[in-house]
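Subject: Structure handover

Hello,

Here is the structure I said I would pass on. Please open it before reading further; my notes follow below.

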Amino acid sequence: MLNERFAGFCTNVGSALPTRRAGGGTSGIAGGVVIRRQTVKNANVVINWIAGAALVAIAVVGGLIGGGAESNEKAIADADGNLHVPKGYRSSYQMLGSWAVAADQGQGSKEIHAVYASPGVIDSYLKTGRFPEGAVLVKEVFEAATEQMTTGAVSRAGTLKGWFIMLKDSSNRNPANKLWGDGWGWSWFEANNPAKTTSTDYKTDCQSCHAPAQATDWVYVEGYPPLKR
Ligand code: HEC
């Protein structure tokens with residue numbers, strides 16, 4: 001049985017569809033947009049480079065301190081296996097991909113989901129075809145905002161509703177914790193409390209919805225371009 005919290009995801013959004021149209025703009029303005037885009041692009045290249053360098057630094061330090069996977073696990077699970085949303089994942093994790101859940105009516109999406117993996121997971125998966133021990137997956141769930149932009153009807157991430165977290169654990173080392181099993185620790189966190197889950201049992205809160213992805217270790221890998229060889 002899926003609890004109502006998740007069912008609610010499908011019903012309580014999508015009310016505010018576009019009422020506003022972006023102005024067409026003259027060609028002069030359009031020219032300005034292009035120039036600005038290029039500037040932004042260049043800045044992004046620099047930022048990406050810096051982020052890349054930072055990741056390498058983190059990986060090196062993590063390796064020296066004693067095992068990247070283990071330090072991932074310690075960072076998000078306590079001794080009893082209670083998970084929390086990893087701090088700083090938006091800068092230290094790698095983007096896997098995103099999902100747009102279509103609006104029940106009208107154009108656009110009602111939810112945007114963005115999925116991140118802890119450092120090293122992508123490389124490891126590409127080598128072995130499996131998620132390494134300690135791998136952490138974070139799925140952000142946003143209420144979508146949809147409006148007319150110069151590219152058309154566009155949905156983007158609006159208000160954050162919360163996070164789904166999965167932590168890879170083949171050894172099933174928390175048998176007493178009902179949020180661990182089938183090779184993962186599983187939890188949902190409301191946006192206002194990233195430290196404490198509201199999930200109680202992964203078998204009822206998560207598993208049946210992930211059954212279609214059982215053959216790929218319960219993960220919907222088809223949505224994640226970086227995992228494709
Ligand atoms: C209503 C069905 C449903 C429920 C309930 C559900 N999931 Fe998912 N989950 C999905 C689907 C479908 C995807 C991929 C597509 C998407 O995000 O819309 C996904 C994606 C994810 C992802 C991104 C990695 C992946 O598997 O692709 C994580 C992490 C995740 N879910 C964790 C959880 C956890 C933890 C729970 C329980 C606390 C849970 N989910 C409950 C359907 C569900």
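Leaving aside its neighbours within four places in sequence, which residues is L137 in contact with? They are V115, A117, M166 and V219. Before going further, please keep in mind that this is a predicted model.

L137 counts as buried because it has 20 C-beta neighbours inside 10 Å, and 20 or more is what the term requires. Its C-alpha is 5.7 Å from that of I165, although 28 residues separate L137 and I165 in sequence. If residues up to four places away in sequence are not counted, I165 touches I76, L83, V85, V136, V138, S187 and F189.

The chain as a whole

The protein chain has six helices and six strands. Read along the sequence, they follow the pattern α-α-α-α-β-β-α-β-β-β-β-α. The chain has 229 residues, and 28% of them are buried. Among contacts with a separation of 6 or more, 58% are between residues 24 or more positions apart.

The mean pLDDT of the protein chain is 80, with 68% of the residues at 70 or more. Over residues 1-38 the pLDDT stays under 50, and the model has 28 contacts beyond four places in sequence for them. Residues 54-71 also have a pLDDT below 50, and this stretch has 16 contacts in the model beyond near neighbours in sequence. Where pLDDT is low, predicted coordinates should not be read in detail.

The sheet

In what order do the six strands of the open sheet stand? The order is β1-β2-β3-β4-β6-β5, and the pairing is antiparallel. β1 and β5 are at the edges with a single partner strand each, so one side of each has no neighbour in the sheet. As background, strands of a sheet pair through backbone hydrogen bonds, either parallel or antiparallel.

You can walk across part of the sheet pair by pair:

- β1 (residues 94-102) and β2 run antiparallel and are joined by eight bridges. Here M95 stands opposite Y116 in β2, and the bridge partner of W99 in β2 is H113. The two strands form a hairpin with six residues between them, and G106 in the turn has a positive phi of about 75°.
- β2 and β3 run antiparallel and are joined by seven bridges. H113 turns up again here, with V141 as its bridge partner in β3.
- β3 and β4 run antiparallel and are joined by 13 bridges. F142 stands opposite L160 in β4.

β2 is mostly covered, with eight of its nine residues buried.

The nonpolar core

Which members of the largest nonpolar core touch the most other members? Of its 36 residues, these are Y116, A117, V136, L137, V138, I165 and L167. The elements that give two or more residues to this core are β2 (109-117), α5 (121-128), β3, β4 (152-168), β6 (184-190) and α6 (202-210). The largest share, six residues, comes from β3. In soluble globular proteins, nonpolar side chains tend to be buried together.

Helix α6

Y202, D205 and C206 are buried in α6. Seen down the axis of α6, the buried residues fall within an arc of 95°, so they line one face of the helix. An α-helix has 3.6 residues a turn, so residues three or four places apart point the same way. The buried residues of α6 pack against β5 (180-181) and β6.

The ligand

Which of the 20 residues around the ligand come nearest? They are F164, W186, C206, C209 and Y220. The elements that give two or more residues to the shell around the ligand are β1, β2, β3, β4, β6 and α6. The largest share of that shell, four residues, comes from α6.

Regards

Technical notes
Residues are numbered from 1 along each chain as its sequence is written. A residue is buried if 20 or more other C-beta atoms lie within 10 Å of its own, exposed if 12 or fewer, and partly exposed in between; C-beta atoms are placed from the backbone. Two residues are in contact if their C-beta atoms, placed from the backbone, lie within 7 Å. A nonpolar core is a set of buried Ala, Val, Leu, Ile, Met, Phe, Trp, Tyr and Cys residues joined through C-beta atoms within 7 Å. Two strands pair if DSSP finds at least two bridges between them. pLDDT is the predictor's confidence in each residue, from 0 to 100. The arc is that of the directions from the helix axis to the C-beta atoms. A residue is near a molecule or strand if its C-beta atom, placed from the backbone, lies within 6 Å of it.
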